[in-house]
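Please look through the structure shown here slowly, one region at a time, and keep the sequence beside you as you read.

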Amino acid sequence: MKGTVLEVDPRVRSALDAGEPIVALESTIVAHGMPFPQNLETARNLEAIVRARGATPATIAVLDGQIRIGLDDASLERLARATNVRKLSRADLAYAVARGENGATTVAATMYCAHLAGIAVFATGGIGGVHRGAETTFDVSADLYELARTDVTVVCAGAKALLDVPKTLELLETLGVPVLCFQSDEFPAFWSRSSGLAAPLRVDGVPEIAAVVAARRALNVSGGVLVANPVPADAEIPSAEMEPLIAQALADARDAGIVGKRVTPFLLGRILTLSDGRSLRTNVALAEANARLAAELARALCEGRA
Ligand code: PSU
Ligand code: MN
């Protein structure tokens, strides 16, 4: 079964066989999270950053019903230009495979596929979380539940401030997901370095993160680890500046009757427009910083096992 649906890029295959460091990258950020051509430029840049740090990138997506672990440049471009790509979380993955469709994988689905392929580290922008108003809508991202069950370390810039960040942290704790805040006493809020919420756990160096991952393995604790890496200071948008834009975007989503899977892409798109593109530059900068940190972590984990 694995052989028929998992199509591993030759460069990723050889890195896996040699036990070399690999960093998984998601494709929803390419297909639904950023406009063309910045999405393609960013996707290429993230791969280059991972390579420059001595690891092999593996962007994950579903193309013609095949789960692709690592994309060649033509496939990356196809994904970035396509307009009819399904957003795939855990619930949708097999459906897209069965029908031979194209799909972009969210954090949840990318984690699952990375794990199937034997990849332990994954870099993204922000994770999904508990939406504001979840007490009535029940809108909670499947990303949180995937983190609870799948053994992959996810490097992100925290959870977007348009979510209910305190509830997101509470649920992560309940689900047994360690949240390691990198060089910070606060959990970062994606566009902003601070959320006003204390870091559940703090780490200051890559070897410390690797040690936590190794200790979890030794203790046989299953599930993912979340590393929260604050956006670089020169690219951040302070939360006081973000909050009115978020409020406007949420009101627009409500007025337009946006629900379900469309909520996150809609809000990101509105915020991009309302911030005159500033939020996109921040999004790119934090994704790049996460790719760097993830590559260093992948290397440290490989060295630790050698
Ligand atoms: N954060 C971004 N851009 C994105 C996403 C998050 O800056 O495109 C995507 C990720 O793929 C994440 C998904 O897994 O949104 C969460 O969607 P939902 O809330 O529908 O679970
Ligand atoms: Mn949702």
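**A walk through the predicted model**

Leaving aside its neighbours within four places in sequence, Thr42 touches Met34 and Val284, where contact means heavy atoms within 4.5 Å. Thr42 belongs to helix H4, which covers residues 38–52; here helices (H or I, at least four residues) and strands (E, at least two) are DSSP runs, numbered from the N terminus. Because its relative accessibility is 6%, Thr42 counts as buried, a word that stands for under 20% relative accessible area, while exposed stands for over 50% and partly exposed for what is in between, using a 1.4 Å probe and protein chains only.

Before going further, note that this is a predicted model, in which local features need pLDDT of at least 70 and side-chain atom pairs count only at pLDDT 80 or more, whereas totals for chains, interfaces and linings use all residues. Residues are numbered from 1 along each chain as its sequence is written, chains are lettered from A and ligands numbered from 1 in the order in which they are written, and side-chain values use heavy atoms, with hydrogens and water left out.

Two phenylalanines can be set side by side. Phe138 sits in the loop between helix H8 (134–137) and helix H9 (142–149), and its phi is near 60 degrees, a positive value in a residue other than glycine. Phe190 sits in the loop between strand S9 (179–182) and strand S10 (201–203), and it has a positive phi of about 65 degrees although it is not a glycine. Is each of them buried or exposed? Phe138 is exposed, with a relative accessible area of 70%, whereas Phe190, at 2% relative accessibility, counts as buried.

Cys156 lies in strand S8, residues 153–156, and counts as buried because its relative accessibility is 0%. Apart from neighbours within four places in sequence, Cys156 is in contact with several residues, among them Thr124, Ile127, Leu226 and Asn290. The C-alpha atoms of Cys156 and Pro188 are separated by 9.3 Å, although these residues are 32 residues apart along the chain.

At 1.5 Å a residue, the twelve residues of H13 (residues 263–274) should span 16 Å, and its end C-alpha atoms are 16 Å apart, which agrees; the expected span is 1.5 Å times one less than the number of residues. The buried residues of H13 are Val263, Leu267, Leu268, Ile271 and Leu272. Seen down the axis of H13, these buried residues fall within an arc of 165 degrees, so they line one face of the helix, the arc being that of the directions from the helix axis to the C-beta atoms. They pack against helix H3 (28–33), helix H12 (239–255) and helix H14 (278–305). After H13 comes Asp276, whose phi is positive, near 55 degrees.

A polar side-chain atom of Thr264 lies 2.8 Å from an oxygen atom of ligand 1, and an oxygen atom of ligand 1 is 2.7 Å from an N or O atom in the side chain of Glu26. A polar backbone atom of Val107 is also 2.8 Å from an oxygen atom of ligand 1. The protein covers 94% of the 480 Å² of accessible area that ligand 1 has on its own, with areas taken from the Shrake-Rupley method with a 1.4 Å probe.

Conventions: Polar contact = N/O pair within 3.5 Å; in protein donor to acceptor, adjacent residues only side chain to side chain.
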